[in-house]
Amino acid sequence: MSARGETMASSTFSSKSIPHAGLPTTAAGASTSRCQLCGKVEDLRRCARCTTVWYCSKEHQRQDWNSHKGYCKKLPPPKTEANQQAISGQGSSVTAKSRPHVLPSHPPPANSDKVISNPSNPNTRELGGAVLKDAEGAPYRPRTFPKPPAYDTRSIAAHVFKHLMRDGYCVIDDLREVEFARNLAEEVKTLYQSGKFVDGQLGGGKTSSDAAQKLVEKNIRGDKIVMVDGSEPFLPSIGKLNVYLTNVVQGLNHYLEGQYVISGRTKIMVACYPGDGTGYARHVDNPNRDGRCITCLYYLNEGWDVTEQGGLLRLYPDASTGYVDIEPILNRVLFFWSDRRSPHEVQPAYDSRYAITIWYLDKKERLEAKEAQTKQEIDKTAVGLAMKNLQLKEAEKNEVLVKKADLSRQAADTLTDKELEDIAAGLREAASPHAYLTSVGISDSIQAEVMRKMQETRETIKP
């Protein structure tokens, strides 16, 4: 969740992605089935129980069971008709009658127009008499996420490292005691009600004052945010979460040796998508090497149902695996790389959706970013000084010209009417006004003023 313009706090402290095996790894919108373990697309057999996952052999099915069983056991057993065409061979495509329910990436608001059911479209699902459909035809893909062996910070750090390196992300449910999570959620809701939240900013760091541009920005990013330090006495639960996650990341540093040295974090971003279809278009948190290397999100939404409330986070950790759908449920934490490896989006939310985000900083990249920023500021200052110097010289030049014109005017004003008449008589006889005026001692600098004065005198004495 990018928050360009957020404060990079001074807080400091001392391979190829493998698809998750919970669901088929078919790319978004595609219809080709693949072996869930190796990706093979020929001679496939389907899991007889859930009928949604394919394997090229019984051996691969057995190897993948530990990952697949959590998802498989949550589904009701299929009908006998589906069983008959399952593990014995690939058979024909799944019929509309036996097709598993597949949800869209997000539903429309409750009061939106209903869409007529299309049983031949696998990216739809019956829901309350209406069919919800993803705009890009990419279905919502629920899955279970592996649990860490233990919940001490060292075990969690090892678990996060394993999945970051393998998958590009790590999701852990039930991170803390449920009462702690509920207290933290209430703390954040109270903070939101205080009116301290502002519109989330886009990449430039400043939001536009133009109403039309603000509308465009809102369509790209619709959350409200506030940045906190984590030491505020009125936010004790946020402070405790920060300490816990800091301990996890300190442990993670041990495993990341040679890749990153995490030496600090940003301020803590507390965010709320206030419903009404607000979301955040696909983006990357750190596309320009600003120092952020790991994004950490902690969700605060108890009983959240993406099929009714939307707000799904869709992560694209690797083009070969399509996408990963992550529900923003209470007490769930998500880690992923902050750079271009992790495009992600928050799909439209139709209820208030809360989350806490912390970005952890790589020491070397952050130092390079600060040096680049300092150089940019110095260059900007130098350009500004050069412009001011030019403006000053121009002003001095203009001031000289103004003074010269004033002196010329004053000199011309000292001529008497008799002197002006004599000059006018001489001019009538002269072949060149300029040559004549010069011959009688009137310098070039005041000749124009003398001519002006003569013109004024003639107009004054006209009958």
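Which residues make a nonpolar surface patch of about 300 Å²? In this predicted model, local features need pLDDT of at least 70 and side-chain atom pairs count only at pLDDT 80 or more, while totals for chains, interfaces and linings use all residues. Residues are numbered from 1 along each chain as its sequence is written, and side-chain values use heavy atoms, with hydrogens and water left out.

The patch is formed by Val-383, Met-387 and Leu-390. Patch members have over 30% relative accessible area and no salt bridge, with like charges joined within 9 Å and nonpolar side chains (Val, Leu, Ile, Met, Phe, Trp, Tyr) within 5 Å; a salt bridge places a side-chain nitrogen of Lys or Arg within 4 Å of a carboxyl oxygen of Asp or Glu. Val-383 lies in helix H8 (residues 363-413) and counts as exposed because its relative accessibility is 52% (exposed is over 50%, buried under 20%, partly exposed in between; 1.4 Å probe, protein chains only).

Turning to the whole protein, there are 11 helices and 18 strands, taken as DSSP runs numbered from the N terminus (helices H or I, at least four residues; strands E, at least two). Of the 463 residues, 44% are buried. The accessible surface is about 24500 Å², with 53% belonging to carbon and sulfur atoms (Shrake-Rupley method, 1.4 Å probe; for residues, only the protein chains shown count as cover).

Strand S13 (residues 292-299) is largely enclosed by the rest of the structure, because eight of its eight residues are buried. S13 runs antiparallel to strand S18 (residues 352-362), joined by seven bridges; here Cys-296 has Ile-358 as its bridge partner. S13 also pairs with strand S16 (residues 333-337) in the antiparallel sense, over five bridges (pairing needs at least two DSSP bridges), and Phe-336 of S16 is the bridge partner of Thr-295.
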